[in-house]
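Thanks for coming. I will walk through one structure today, a piece at a time, and you can follow along on the screen.

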Amino acid sequence: MLKISLNKMPTEERWILHGRLAGPWVHELRTRWKVNHRTDAGRACIVDLNEVTFIDKSGERLLRMLARDAAQFTASGIYTKHVIEHLDVRRERRLSNQLGCVIGLVLVATLGSGCERRVASAPAPRPPTVEVTPIIQKDVPLEGEWVGTLEGYVNAQIQPHVSGYLIRQNYQEGGLVRKGQVLFEIDPRPFQAALDQAKGQLAQAEAQMANAELNVKRDVPEAEAHAIPQAQLDNDTQALIGAKAAVEADQAAVEQAELNLGYTKVLSLIDGIAGINTVQVGNLVGPSTVLTAVSQVSPIKVYFPISEQEYLRMADSGGPGSVDWLTHASQIPLHLTLADGSAYPHPGRIIFADRQVNAQTGTIQVVGEFANARNLLRPGQYARIQAPTGSITGALLVPQAAVSQQQGTYQVTVIGSDNRAQLRTVEVGPRVGTLWVITSGLKPGERVVVAGAEKAKEGELVNPTPYKGTEER
């Protein structure tokens with residue numbers, strides 16, 4: 001089917017064609033052309049072939065007629081450009097043949113009818129030179145790449161247990177600290193006084209308990225001899241129990257006071273790198289105050305999200321060439337590329353995948369780890385993570401320069417054994433370096449044009465030469 005649109009303006013008339021320029025549609029266009037086109041209108045005539053999908057021999061003849069009527073053609077597709085160029089070549093050849101006939105008639109008239117001469121024809125144009133390469137067939141490992149973020153293996157926020165004035169900072173910001181190292185000191189004097197008071201109360205309670213014990217020891221034989229009432233013994237016994245309870249309470253108070261005094265020295269609970277302090281010496285701090293943070297960075301974790309589809313494909317080990325991310329996750333090597341494009345020299349491994357898929361992003365978080373003995377990697381750094389995701393056996397590969405994209409389709413120019421060009425529509429797979437996997441449309445052993453494809457016309461001879469590029473092999 002052919003859809004014909006005509007836009008007339010003072011300076012030009014534009015014919016826009018959609019569909020197939022063949023069969024009965026050619027007759028319809030010719031009829032409309034004769035009715036609507038005016039060569040004496042003093043305006044340009046543009047024929048837009050951008051949306052034409054097919055042109056047969058009848059269509060070519062009609063286009064030649066339009067060209068004779070001073071029509072100008074516009075086209076962006078490889079196919080329609082090729083047809084227009086083919087028309088131009090045939091028109092040039094026809095003009096050359098007509099000129100040759102005129103020259104021949106002049107020579108015949110000049111030399112006379114009795115003389116026989118042979119007029120040598122002009123040599124045929126040489127086929128255009130194109131650079132070709134054979135299709136590569138080999139097993140291709142596939143690798144996934146994701147954007148990740150580095151995090152400390154443990155990130156500890158340092159906060160005091162007690163309130164007080166900060167009197168000392170005992171670490172170098174950004175430096176390595178050890179477990180148990182004192183990072184900050186809080187004024188211990190109020191806590192020392194509280195400890196001394198608790199110890200005094202304990203001593204008083206212990207004295208009362210000793211007195212109660214003496215009373216009970218004295219009352220027991222007297223009560224047995226009925227020298228004192230039994231009620232007095234019972235009262236002294238209860239007083240002893242109360243004194244023991246008071247001692248235990250005061251002992252706990254002393255222990256708490258000792259703990260509070262110890263908490264005036266704020267310690268690091270892990271080995272790691274200490275961050276910048278958030279308070280200054282002399283500030284009043286409390287349990288809600290974050291003094292700094294310490295991160296364990298050797299090893300260091302990396303978090304990167306993968307799509308739900310990728311996870312299902314890689315978790316299913318039944319497919320050919322697939323990688324099992326469920327049972328052998330720790331054996332899958334991870335490779336890390338830093339923000340400056342350099343590759344981190346030590347491979348990592350997967351620790352675990354998150355328990356659920358993020359419903360908002362459709363991804364699942366995967367956590368890996370990398371050795372970091374030199375502390376080069378730091379929390380918050382950007383990282384690109386690569387990991388094997390499978391392989392393709394016997395894949396067909398061509399250089400990316402050999403593939404052209406036109407209106408959502410991919411095409412390559414194939415050179416046959418007779419050195420004639422053929423435009424082939426193909427389906428593409430993943431890219432591997434500078435090569436492109438072709439999943440359908442090509443066969444092993446065929447040759448494709450890498451450089452000069454614009455000179456190779458459908459069905460015409462070319463002069464193929466080996467491709468001189470440096471594509472990956």
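This is a predicted model: local features need pLDDT of at least 70, side-chain atom pairs count only at pLDDT 80 or more; totals for chains, interfaces and linings use all residues.

**Two long-range views, then the parts: starting with a helix pair**

Let me begin with helix α4, residues 189-224, and helix α5, residues 230-262, which pack at an angle of about 160° with their axes 7 Å apart. An angle over 145° counts as roughly antiparallel, so that is how α4 stands to α5. The crossing of these two helices, α4 and α5, is left-handed. As for what lies in the contact of α4 with α5, its residues divide into 21 nonpolar, nine polar and eight charged.

The chain has 473 residues, and 35% of them count as buried. Its secondary structure comes to six helices and 23 strands. Of the contacts in the chain with a separation of 6 or more, 73% are between residues 24 or more positions apart.

Now to the start of the chain. Here there is an open sheet of four strands, in the order β1-β2-β3-β4, and the pairing is mixed. Which strands stand at the edges? They are β1, residues 2-8, and β4, residues 72-74; each has a single partner strand, so one side of each is left without a neighbour in the sheet. From one strand to the next, the twist averages 20°.

Strand β3, residues 44-55, runs parallel to β4, and three bridges join them.

Helix α1, residues 24-36, lies across β1, β2 and β3, and runs at about 170° to β2, which covers residues 12-21. Helix α2, residues 57-68, packs on the sheet as well, where it touches β2, β3 and β4. The direction of α2 makes about 170° with that of β3.

Next, a single residue in this part of the chain. Ala22 is in the loop between β2 and α1. Is Ala22 buried or exposed? Its relative accessibility is 9%, and the cut-off for buried is under 20%, so Ala22 counts as buried. Setting aside neighbours within four places in sequence, Ala22 is in contact with Phe54 and Asp56. Leu62 is 40 residues from Ala22 along the chain, and the C-alpha atoms of the two are separated by 9.7 Å.

Strand β19, residues 409-415, and strand β20, residues 421-432, run antiparallel and are joined by six bridges. Within that pairing, Val412 has Arg424 in β20 as its bridge partner. The two strands, β19 and β20, form a hairpin with five residues between them. In its turn, Asn419 has a positive phi of about 65°.

Strand β20 also pairs with β21, residues 435-440: the two run antiparallel, with four bridges between them. Val432 stands opposite Leu435 in β21. How many residues lie between the strands in the hairpin of β20 and β21? There are two, and Gly433 in this hairpin takes a positive phi near 65°.

That covers the parts I wanted to show.

Key. Residues are numbered from 1 along each chain as its sequence is written. Side-chain values use heavy atoms; hydrogens and water are left out. Axes are lines fitted to C-alpha atoms, for helices over the stretch in contact, and angles run from 0 to 180 degrees between N-to-C directions. Angles under 35 degrees count as roughly parallel, over 145 as roughly antiparallel, 65 to 115 as roughly perpendicular and the rest as oblique. A crossing is left-handed if the near helix is turned anticlockwise from the far one by less than a right angle, and right-handed if clockwise. Ala, Val, Leu, Ile, Met, Phe, Trp, Tyr, Cys and Pro count as nonpolar, Asp, Glu, Lys and Arg as charged, and the others, Gly among them, as polar. Two strands pair if DSSP finds at least two bridges between them. Contact means heavy atoms within 4.5 Å. Buried means under 20% relative accessible area, exposed over 50%, partly exposed in between (1.4 Å probe, protein chains only).
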